[in-house]
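Morning, everyone. Have a look at this one with me, and then we will walk through the ligand site and the sheet.

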Amino acid sequence: MISMKSLGEIDPEIESLITRDLARQNSHIHLIASENFASPAVMAASSSIFTNKYAEGYPNKRYYEGCQIVDEMETLAIERAKSLFGAAHANVQPHSGSQANMGVYLSLMEPGDTILGMRLDQGGHLTHGSPVNFSGQYYNIVAYGLHPETERIDMDQVRTLALEHRPKVVLAGYSAYSRHLDYEAFRAIADEIGAVLLVDAAHFIGLVAGGSVPNPVPYADIVTATTHKALRGPRGGMILSSEEYAKVIDKAIFPGGQGGPIENQVAAKAVAFREASRPEFSTYTDQIVANARAMAEHMVEAGVRIISGGTDNHLFLMDLRSIDEDLSGRDAAKMLDQIGVTLNFNSIPDDPRKPFITSGLRIGTPAMTTQGMTEAEASETARLIVAALRKHNDESALESVGGEIAALASRFQPYPSEFAGHLS
Ligand SMILES: *Cc1c(COP(=O)(O)O)cnc(C)c1O
């Protein structure tokens, strides 16, 4: 028999670490562009008894018995994803965004085939062809970047590279780029060379769900995504596609790249899709974009250089050299975390510093918007960040800014105390 004792009785060490991280999450302003706060409903499904079920295969085509209920549940998740994004096919089994990309690559390419994606140091993702990632090791990577003046994706370069290298897959998508993607132009380029157009919407699929940025589904053959970033669901991935690619994608995820699906996460994805289909979710994602714009505008007015001059989405990059030539991204991020603002350092275009040091900070607003902040607090947060960065050598000034940050954060806790017991 399993023990019915509580987590605290069985494992006080882990319980105490959860409680401590809850305190951290509840006392900072959170600006990591890929993070968010899942609802108690999402977490309830994620920690449910579906964790116990092996269900290799797909609904009504399983390799294990006892899947009747799991089939109903996964079908619900699939149907919700299809209807939320207007897709003909959805695979909700990828364990993460990287696994989703791996599944698509396995379904479309042989080792050595060419993929055209965005340079990692200009806003792309590891899985778009970094030499330290499977994508860079198994495939021939050709990469496009930003136009040096506009700091927007150089679509002329994308087309020139496409015509020259004839990639099998043209990939649009980013982890650190603040402008809309030109799906029409990407589609035209893919059609011109007979390539598959893949959009990696891992970062912004939540904004798509809320209708706050254009939906790539009508343009792309395949869209990969995560469910835990702006979408505010459980940690995981998914793939949306036209009917044409449904079979090869399903085969590439299972048995091609994964074993049993994590059905408790699939259940939590279904809950997140339901939450994201409500009108309030559009209000939320519009607020994410408004908050990012308010922060970027405040910084530009304060004389800080923002890559491309602003943002259309949930994130932007600061060029720290416009504040202090000697301040690296790594040092700035560490200092800000110590005074209560959590974000990450990030390379900026043509960064003179190495990727583990950098000259930039990435700022994202999905999490702070879930905390309940609107434009007024976003501008105030931008002011506090710039004040701290300008005085990064002045202990007493930092202490005073830290006090203001703590006061602000305490009014916008993601998990107010009435949830605290439930969450640990
Ligand atoms: C976050 C991200 C991924 C990977 O997601 P994981 O769940 O961390 O594996 C893939 N592509 C892009 C563009 C991302 O931003």
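**The ligand site and the sheet**

A polar side-chain atom of Lys 229 sits 2.8 Å from a ligand oxygen atom, a polar contact (a pair of N or O atoms within 3.5 Å). The model is predicted: local features need pLDDT of at least 70, side-chain atom pairs count only at pLDDT 80 or more, and totals for chains, interfaces and linings use all residues. Residues are numbered from 1 along each chain as its sequence is written, and side-chain values use heavy atoms, with hydrogens and water left out.

Ser 98 brings a side-chain N or O atom to 2.7 Å from a ligand oxygen. Gly 97 uses a backbone N or O atom, at 2.9 Å. How much of the ligand's accessible area does the protein cover? It covers 86% of the 380 Å² that the ligand has on its own, by the Shrake-Rupley method with a 1.4 Å probe.

Helix H5 (residues 97-108) gives the largest share of the shell, three residues. Helices here are DSSP runs of H or I, at least four residues, and strands are runs of E, at least two.

Now the sheet. Seven strands form an open, mixed sheet, ordered E4-E10-E9-E8-E7-E5-E6. Strands pair if DSSP finds at least two bridges between them.

Strands E9 and E10 run antiparallel, joined by five bridges. Val 223 has Leu 240 as its bridge partner in E10.

Note on methods:
A polar contact is a pair of N or O atoms within 3.5 Å; within protein, one must be able to donate a hydrogen and the other to accept it, and residues adjacent in sequence count only if both atoms are side-chain atoms.
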